[in-house]
Amino acid sequence: ENVEYDHGGEPHSFPFLGGPGVLLNTTVHILEHNHVFFADTAIGRDKWLQEAKPGGWAVDRTARNSSLVVLQKRTEPLRPVDVHFGKVAVNTVALPQAVMTLEPAPEAVAPRCLPFPSSNRISQQTGCYRDDDWVKEMFMADPEGTAQVFMDVGCNTGSDAVRWLELWGNKSGVAAAWGNVLRKTVPRGICDHDYPRAGTRTAGQMTHVSASTPSKAHPQVFCVEPSPANLNALKRVTSTVLGDAGPIKIVNAAVAAQEGFASFPNLVEGARTGQLIMQPSSASGRVARVRVTTVDNLMLEHMLDRVDVLTIDTEGHDPSVLDGAVNALRTVRYLAFEVHQDFKTTPWGNTTLLKQLTSLDTQGFDCYWAGVGRLQRLTGCWDISSEHDHWPLPWSNVVCAKRGDVWHGVLQKFYHGLDP
């Protein structure tokens with residue numbers, strides 16, 4: 001892919017090693033899911049390179065335009081890499097003094113885990129969860145929105161998308177105006193999700209924060225929605241409230257693990273129950289043909305180098321969306337997704353929550369059940385017994401934050417546990 005070394009600079013630097021984002025998604029997937037070995041074909045040929053000086057294609061042993069990579073199919077999960085510098089003798093010739101004096105790493109502290117309620121109680125408390133309190137704190141911890149990127153997959157009527165814009169943008173009142181337009185045609189949803197919720201800039205302490213540190217410009221907010229009816233509503237509201245060139249970018253597509261086309265039900269505006277139909281449908285008029293894309297490809301199309309907040313609501317297809325967000329998850333700081341193991345014909349129908357949590361854990365996320373103003377830790381607490389006792393989980397919601405990020409500290413403050 002012509003990225004083997006920095007052609008315009010240092011010939012011994014290899015950009016794809018430190019920044020795999022320069023590679024195609026397919027290439028990244030191959031490298032991450034197989035054992036990969038770099039074979040130095042120049043070993044034993046130093047004298048030839050010195051005497052022949054072949055010219056442009058081979059500067060020296062490490063800077064040349066052809067390299068050999070050997071791939072071996074991985075049949076078992078990768079084992080964790082353990083490095084021990086305790087009392088074992090090592091070759092210290094090339095080791096810096098700081099490394100030579102390292103003590104063995106302390107054992108990881110087990111997370112504080114609370115008992116999980118029943119499946120039905122989890123659904124009752126997290127289905128219509130309320131994140132206003134911790135989202136306010138997230139804003140207060142990092143109020144500058146100029147460089148932030150928010151992506152709402154399964155955007156519906158845009159109520160969540162416009163809330164991100166209201167908080168991290170530089171113009172207040174857009175959420176209220178958005179809701180006023182929606183109320184004329186869209187009925188109130190089961191969780192009031194179809195209208196932007198309260199708890200925006202005008203509330204209490206946030207007024208002071210947003211007034212003292214206004215964003216220099218709007219963040220980028222992407223509203224990704226496959227429903228034809230909801231798409232019409234989004235275009236109408238966006239044009240009325242923000243103008244045709246507003247900061248919310250509407251993308252008419254479904255999102256999954258790979259590109260293609262599928263069918264989606266023709267429902268009324270505001271309907272949140274539409275499920276993607278991956279097989280071709282003959283129900284003419286009742287379904288629409290929609291484009292299917294991935295989060296990673298949306299990043300490429302819109303030339304994004306990051307996604308700070310990724311929210312997913314795809315009626316059972318959330319695991320597939322996460323599978324297509326390999327590169328995006330490297331930059332995501334806050335993640336929210338639905339669990340719907342009761343939808344047996346969707347990806348959640350044969351996916352364990354434990355599998356998703358384990359995958360996200362390896363990518364640096366701690367995840368929680370999202371309740372009404374409170375969270376309950378899942379990472380390190382939800383195990384195979386929990387999965388067995390709660391399968392299949394009905395409609396419920398999970399939020400995650402990247403460890404080490406300031407927003408991770410915010411979520412920890414709301415770890416009070418769900419009600420029994």
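Student: At roughly what angle do the axes of helix α6 (residues 132-141) and α7 cross?
Tutor: This is a predicted model in which local features need pLDDT of at least 70, side-chain atom pairs count only at pLDDT 80 or more, and totals for chains, interfaces and linings use all residues. Residues are numbered from 1 along each chain as its sequence is written, and side-chain values use heavy atoms, with hydrogens and water left out. Axes are lines fitted to C-alpha atoms, for helices over the stretch in contact, with angles from 0 to 180 degrees between N-to-C directions. Those of α6 and α7 come within 10 Å and cross at roughly 40°.

Student: Which class of orientation does α6 have to α7?
Tutor: Angles under 35 degrees count as roughly parallel, over 145 as roughly antiparallel, 65 to 115 as roughly perpendicular and the rest as oblique. The crossing of α6 and α7 is at roughly 40°. The class of α6 relative to α7 is therefore oblique.

Student: How many charged residues are in the contact of α6 with α7?
Tutor: Contact means heavy atoms within 4.5 Å. Asp132, Val135, Met138 and Phe139 in α6 meet Arg163, Trp164, Leu167 and Trp168 in α7. Ala, Val, Leu, Ile, Met, Phe, Trp, Tyr, Cys and Pro count as nonpolar, Asp, Glu, Lys and Arg as charged, and the others, Gly among them, as polar. The contact has 6 nonpolar residues and no polar ones, and the number charged is 2.

Student: At roughly what angle do the axes of helix α8 (residues 174-182) and helix α10 (residues 228-241) cross?
Tutor: α8 and α10 are oblique to each other. Their axes come within 10 Å and cross at roughly 130°.

Student: Is Asn397 buried or exposed?
Tutor: Asn397 is found in strand β13 (residues 396-402). Beyond its neighbours within four places in sequence, Asn397 is in contact with residues including Thr126, Tyr129, Phe337 and Trp369. Buried means under 20% relative accessible area, exposed over 50% and partly exposed in between (1.4 Å probe, protein chains only). The relative accessible area of Asn397 is 7%, so Asn397 is buried.

Student: Where is Pro392?
Tutor: The peptide bond from Trp391 to Pro392 is cis, with omega near -10°. Pro392 has its place in the loop between α14 and β13.

Student: What is phi of Asn156 near?
Tutor: Asn156 is found in the loop between β3 (149-153) and α7 (159-168). Asn156 counts as buried, at 3% relative accessibility. Its phi is positive in a residue other than glycine, near 60°.

Student: What is the relative accessible area of Glu315?
Tutor: Glu315 lies in the loop between β9 (309-312) and α12 (318-323). Phi of Glu315 is also positive, near 50°. Glu315 is buried, with a relative accessible area of 9%.

Student: How many strands does the protein chain have?
Tutor: Helices (H or I, at least four residues) and strands (E, at least two) are DSSP runs, numbered from the N terminus. The protein chain has 15 helices, and its strands number 13.
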